[in-house]
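Keep the structure open while you read.

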Amino acid sequence: MLATPALRRTPLFECHRESGAKLVPFAGWEMPVQYEGVIEEHRAVRQAAGLFDVSHMGEIAVRGPGALRFLDWLTPNQVSKLVPGRAHYSGLLTEQGTYVDDLLVYRLGESDFLLVVNAANRDKDLDWVRRHAPADTQIDDVSDRYALLALQGPRALEILAPLTEVDLASLRYYGFAAGTMDGHRALVSRTGYTGEDGFELYVDPEAAAPLWRRLLAAGGPLGLVPAGLGARDTLRLEAGMALYGHELDAATTPLEAGLSWVVKLDKGDFLGSAELLRQQREGVARRLVGFTVTGRGIAREGHEVRHAGSRVGQVTSGTWSPTFEKALGMAYVQAGHAAPGVEVEIEVRGKALPASLAEIPFYRRGR
């Protein structure tokens, strides 16, 4: 009988135990799913701030004279439009235009890039990038050089600014800067996965625990709480943000997922471009849509969506929303039925749960 591989732990593992976190297996890691509770943590992020450990994410360095040309071919977004100090959201796609993974691309220098990928796909993504890289481009797994903290919420700037010399207020969304954070070397990025303003802090692993504790001490009087994977999922769902393995997978293209804005079909040939051009020309057969439940119950991943007695789609993610205090989610639905306001039924444990299709995102900051 094969032994189960031991779960990996981030540099913040002891901090999570100190805070009474409920720890669960996630993508091969032992991670906090909640501390005080998902609803409390979710609402803290919407109203004040939450601190997340996302050190399990993978980082891949891409360097060399051919790095820019290579990444512009490898990914659908236009890397050549990035300047040093800017990042963007993109994907690794197959020749069929479907997802290997979604990722962030950071331009650190003229020929120096950092790819941030999902933890569950780290090894697969690294192999994919290496297999396609030209000889003049160096690919390195640098994941173990980073711990990653995400401070998210409307008071994130107020909490973070006194601890750094980086001018956070002038840092634009998807901008980043190198500096120090409470004396620790850091790359500070104005990005996140909650629908709120916030910052992600790339630091040396040995700096992670003291910085975590310092942030909680400084931010506690302003409402900052540690937040786990549970709140991260409900927050991203309200914000209509796709999650690999749910909304994105090896059978799904960005056009189906409502992510056409990351696909720059006019930049020239890139991996998957031929199939995406065909989809743009002919249209997609299904679309990602939101839904709100109008009956009593919660729809979950895999539940069937029906319209007028016929199956028209399937739920990818569903939850109870602490912000709107109702059940909602996302689903792929046949394009002919994928319009806001369409009334559907979702099969939940043999019962038909009434729901209405809706635009995503459900939540927009400031609205």
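An open sheet of 6 strands runs in the order S10-S11-S12-S9-S3-S13, with mixed pairing. Strands here are DSSP runs of E with at least two residues, helices are runs of H or I with at least four, and both are numbered from the N terminus. Two strands pair if DSSP finds at least two bridges between them. Strand S10 (176–181) and strand S13 (224–226) stand at the edges with a single partner strand each, so one side of each has no neighbour in the sheet. Neighbouring strands are turned by 25 degrees against each other on average, direction ignored.

This is a predicted model: local features need pLDDT of at least 70, side-chain atom pairs count only at pLDDT 80 or more, and totals for chains, interfaces and linings use all residues. Residues are numbered from 1 along each chain as its sequence is written, and side-chain values use heavy atoms, leaving out hydrogens and water.

S10 pairs with strand S11 (residues 184–189) in the antiparallel sense over 6 bridges. Thr180 stands opposite Arg185 in S11. Helix H2 (residues 38–47) packs on the sheet and touches strand S3 (49–53), strand S9 (147–152) and S13. Contact means heavy atoms within 4.5 Å. The direction of H2 makes about 120 degrees with that of S3. Axes are lines fitted to C-alpha atoms, for helices over the stretch in contact, and angles run from 0 to 180 degrees between N-to-C directions.

Now helix H4 (residues 122–132). Helix H3 (residues 67–74) packs with H4 at about 115 degrees, their axes 11 Å apart. Phe70, Trp73 and Leu74 in H3 meet Trp128, Val129 and His132 in H4. These contact residues divide into 5 nonpolar, 1 polar and no charged. Nonpolar covers Ala, Val, Leu, Ile, Met, Phe, Trp, Tyr, Cys and Pro; charged covers Asp, Glu, Lys and Arg; the others, Gly among them, are polar.

Which residues of H4 are buried? They are Arg122, Asp125, Leu126, Trp128 and Val129. Buried means under 20% relative accessible area, exposed over 50%, and partly exposed in between (1.4 Å probe, protein chains only).

Asn121 lies in the loop between strand S7 (112–117) and H4. Asn121 counts as buried because its relative accessibility is 7%.
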